[in-house]
Amino acid sequence: MVTDRPRSVGRRLVVGLAAVGVVGAAALVAAAPAAQAEVTGDVQFTGHGWGHGRGLGQYGAYGYATNQGWPYTQILSHFYGGTTQSTEPNGAITVNLINQGGTALQVTSSQTFTVGGVAVAGGSAASIEARSDGTFVLSTSYGCGSPIVWTQPIGDGRVVPTVEPGNDLKAMLSICMPTGTIQYRGELQAVWADGAQRAVNRVRMEDYLRGVVPRESPAGWGDAAGGKGLEALKAQAVSARSYAYGENRASWARTCDTTSCQVYAGAGLNYTPLEDRRTDAAVAATALVVLRTASGAIARAEFSSSTGGYTAGGQFPAVPDDGDVASPYHNWTTSVPATTIASAFGVGTLTGIRVTERNGLGADGGRVTKVDISGTTKTVSTTGDRVRSALGLRSDWFSVTTAAPAPGPAPAPAPAPRPAPVQPTVFTGSGNVVGASAGAVPFGQAGDIPLACDWNGDGVDTLGVFRAGVFFLTNTPGSGTAETVFAFGQRGDQPVCGDWDGNGTETVGLFRSGTVFLRNSNDTGIADGFFPFGDRGDTLLAGNWDGDAYDTVGVWRRGVFYLANSNLRPVANAVVPYGAATDLPTVGDWDGNGTDTVGVYRRDTFYVRNSNTVGAADSVLGFGAAGDRPLPGRWRAGGGDVIGVARGY
């Protein structure tokens with residue numbers, strides 16, 4: 001595939017050439033003693049970048065564009081050494097729609113379309129079955145999910161629109177799904193291939209890219225640094241165009257629509273556009289431009305989220321990537337239980353893990369090419385990429401620290417006098433004004449994590465707490481008694497709440513070691529959706545950053561907000577440095593305009609912004625006391641969010 005990135009810029013696991021191992025003296029680790037103590041607890045990994053690191057680094061392109069003013073042509077020349085920039089006519093690309101395979105292809109449109117040469121009236125739906133003997137059967141109905149009206153054999157599985165839809169999503173061909181429809185430009189086709197029915201989208205390359213580029217790089221980058229960020233999107237467009245032309249997955253489909261190739265979501269979902277004006281502009285500005293190798297072939301231009309500061313080499317020469325300082329994953333730290341490592345490599349009980357070879361490129365000796373993992377039953381020598389994959393690390397550029405065995409227990413100190421318990425209380429503000437009065441609402445117990453959300457959709461936020469894997473919620477303003485209690489998550493998770501499905505009520509979510517888990521109902525059950533975003537140690541946030549119908553996630557990391565506009569394929573659409581690393585982050589619709597924006601709480605004062613951009617505080621509001629944590633909410637129907645604090649938790 002193409003990239004491997006964080007859902008804060010994408011993700012990829014491309015199989016390709018490994019960097020040539022270069023072993024320096026600094027990269028070698030002294031041999032372990034014959035007998036080693038068992039490793040207990042967590043093993044800490046510190047590293048650089050996200051993804052395989054081959055070819056263009058998406059955050060590096062963004063950094064070069066916004067911080068150094070590089071045009072897209074210079075960005076491409078830097079990352080894809082040995083290539084030249086050329087053009088290729090706007091031909092068709094065939095895309096295997098992986099999630100639509102394995103069953104009959106069901107299509108609808110507001111306009112008449114043909115299936116195997118047979119006309120199907122607009123508003124009707126067609127179900128196309130491809131059979132192993134090379135025959136095809138068409139069944140039609142009066143719409144998606146309606147009963148079949150008639151069935152007939154057809155000569156092929158091609159689905160062709162009879163009008164050019166332009167940007168009219170309803171006039172495009174739409175694939176019917178249980179959850180709605182997906183709109184596609186071009187044609188659709190049912191084929192029998194590799195032992196199963198497959199679905200293929202045949203579409204002009206420039207139209208295809210309109211559905212790829214915003215899925216692979218945040219469209220919001222186009223507005224960054226006075227529009228300089230558009231150069232990063234242009235570089236992405238050329239990379240994606242070249243990669244797709246350079247693919248040759250199968251005779252019936254040149255590429256696919258998932259991270260195994262490069263992500264392509266079509267033109268719309270439930271008639272809501274998935275394309276974006278900024279990425280459209282990047283595609284148009286680079287129309288037909290491709291990268292060619294010395295032989296004249298179009299280069300399969302791999303890319304990944306974050307190189308960590310040095311590309312990995314392979315098809316293209318390894319080069320420094322100073323632009324990657326813009327990446328939230330330039331440096332990262334994570335911990336993995338020793339038992340997980342031992343199980344992944346089958347070594348019994350873990351006794352050691354040592355990096356023994358690196359490629360010599362970049363900090364700490366560069367990417368890991370060889371690792372020895374020792375246990376009570378055997379020692380396994382493997383690659384850094386294999387460790388990365390098996391343990392879910394962000395990249396194969398890492399260092400390892402194992403904790404020393406825990407010392408024996410120290411003598412217990414004499415018990416201190418126990419202070420009188422303090423009832424945890426939320427203090428709700430009367431308004432976002434200096435000198436706001438406070439209303440006190442006792443709720444929960446010490447050690448709980450307090451929340452404020454609209455659990456029943458009545459337009460007013462009420463309280464909840466998370467306690468070791470259990471949520472306690474109330475729907476009554478000012479109440480300290482839980483009306484709803486349910487289990488979700490586990491001790492140590494960070495709770496969050498938001499309207500994930502746009503139905504007007506807010507439900508719970510969790511953050512655990514860089515993974516977000518969301519529920520669409522406030523009851524016990526498994527996550528309705530989960531995805532990696534952020535990193536261990538981040539603070540999870542939720543808000544409606546773009547004013548649509550959905551709340552989406554964000555994280556705070558040492559003075560920087562990373563905000564995503566989608567929970568389907570989350571990426572950092574906005575990166576907002578604001579406040580200090582020691583502040584407490586908060587978000588809210590401070591001005592009542594329907595969008596949530598950032599703020600910080602410092603000692604006893606809120607500093608809030610009315611836009612998710614870098615700048616000074618729009619309001620400075622003293623409220624609460626040192627030791628409180630911020631907890632704003634919509635304490636009364638109408639208007640926006642109002643300051644509040646939680647004390648004693």
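Here are a few questions and answers about aromatic residues in this predicted model.

Reader: Before we start, what pLDDT do side-chain atom pairs need here?
Author: Residues are numbered from 1 along each chain as its sequence is written, and side-chain values use heavy atoms, leaving out hydrogens and water. Totals for chains, interfaces and linings use all residues of this predicted model, while local features need pLDDT of at least 70 and side-chain atom pairs count only at pLDDT 80 or more.

Reader: Is Phe427 buried or exposed?
Author: Phe427 sits in strand β26, residues 425–429 (strands are DSSP E runs of at least two residues, helices H or I runs of at least four, numbered from the N terminus). Buried means under 20% relative accessible area, exposed over 50%, partly exposed in between, using a 1.4 Å probe and protein chains only. At 18%, Phe427 therefore counts as buried.

Reader: How many residues apart in sequence are the parts that Tyr62 and Trp221 tie together?
Author: Rings of Phe, Tyr and Trp (its six-membered ring) pair if their centres lie within 6.5 Å; planes under 30 degrees apart are stacked, over 60 edge-to-face, the rest tilted. Tyr62 and Trp221 are stacked, at 4.5 Å centre to centre and 25 degrees between the planes. Tyr62 lies in helix α1 and Trp221 in the loop between α3 and α4, so the pair links parts whose separation in sequence is 159 residues.
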